[in-house]
Amino acid sequence: MSQMNLAILWPTVALAALIFAVWAILLCKRFAHIAANRPTAANFAHSEAVGRYFRPVERPAQNLANLFEMPVLYFALVPLLLVTGSASGGQVALAWAFVTLRLVHTVIHIGPNTIRTRARIYIASSAVLFAMWLGLVIDLLVRAGARM
């Protein structure tokens with residue numbers, strides 16, 4: 001593997017670190033909520049009751065779930081970029097852009113939760129991810145055409 005290929009791993013590690021950080025925030029907020037609001041058996045009787053009980057601290061949980069939606073396509077793409085040798089400098093730059101936008105999205109989601117800004121950041125991060133996939137497809141088509 002070339003150094004350029006290995007460079008794609010750093011934004012991937014950063015995205016994993018973001019996911020673990022959100023998970024830690026979620027645990028801290030939930031444990032603090034449990035300590036301040038002792039639950040009853042009824043609070044955990046069914047999913048709706050659990051949802052109501054944790055509603056005051058639900059945004060980290062929502063964000064954690066969101067980090068397993070579009071980012072799954074990123075995590076699937078990285079091995080393909082490595083295996084095909086397509087982790088170019090452009091792909092690495094796009095990967096950093098994607099991870100940075102996901103970080104900004106998380107900060108907004110868990111923090112002030114300004115919906116319009118958060119939505120714009122989400123759409124931008126999805127567009128960057130789409131560009132990464134499109135780049136892989138173009139690279140594969142160019143390689144296939146060169147072989148013909």
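This is a predicted model: local features need pLDDT of at least 70, side-chain atom pairs count only at pLDDT 80 or more; totals for chains, interfaces and linings use all residues.
A97 has its place in helix 6. Along the chain, A97 and V22 are 75 residues apart, and their C-alpha atoms are separated by 19 Å.

Which element holds F98? F98 lies in helix 6 (residues 89-110). With a relative accessibility of 0%, F98 is buried, because buried means under 20%.

The next topic is aromatic rings. A pair of such rings is described by the distance of the centres and the angle of the planes. How many aromatic pairs does a search of the whole structure find? The search finds five aromatic pairs. Two of them, Y53 with F54 and Y74 with F98, are set out below.

| Pair | Type | Centre to centre | Angle between planes |
|---|---|---|---|
| Y53 and F54 | edge-to-face | 4.9 Å | 75 degrees |
| Y74 and F98 | stacked | 5.3 Å | 20 degrees |

Are Y53 and F54 buried or exposed? Both residues are buried. Y53 and F54 also belong to a cluster with F44, linked by ring pairs. F54 has a further neighbour in R30, which lies over the face of the F54 ring at 4.4 Å from the ring centre.

Terms used: Residues are numbered from 1 along each chain as its sequence is written. Side-chain values use heavy atoms; hydrogens and water are left out. Rings of Phe, Tyr and Trp (its six-membered ring) pair if their centres lie within 6.5 Å; planes under 30 degrees apart count as stacked, over 60 as edge-to-face and the rest as tilted. Buried means under 20% relative accessible area, exposed over 50%, partly exposed in between (1.4 Å probe, protein chains only). Helices (H or I, at least four residues) and strands (E, at least two) are DSSP runs, numbered from the N terminus. A charge sits over a ring if NZ of Lys or CZ of Arg is within 6 Å of the ring centre and within 35 degrees of the ring normal.
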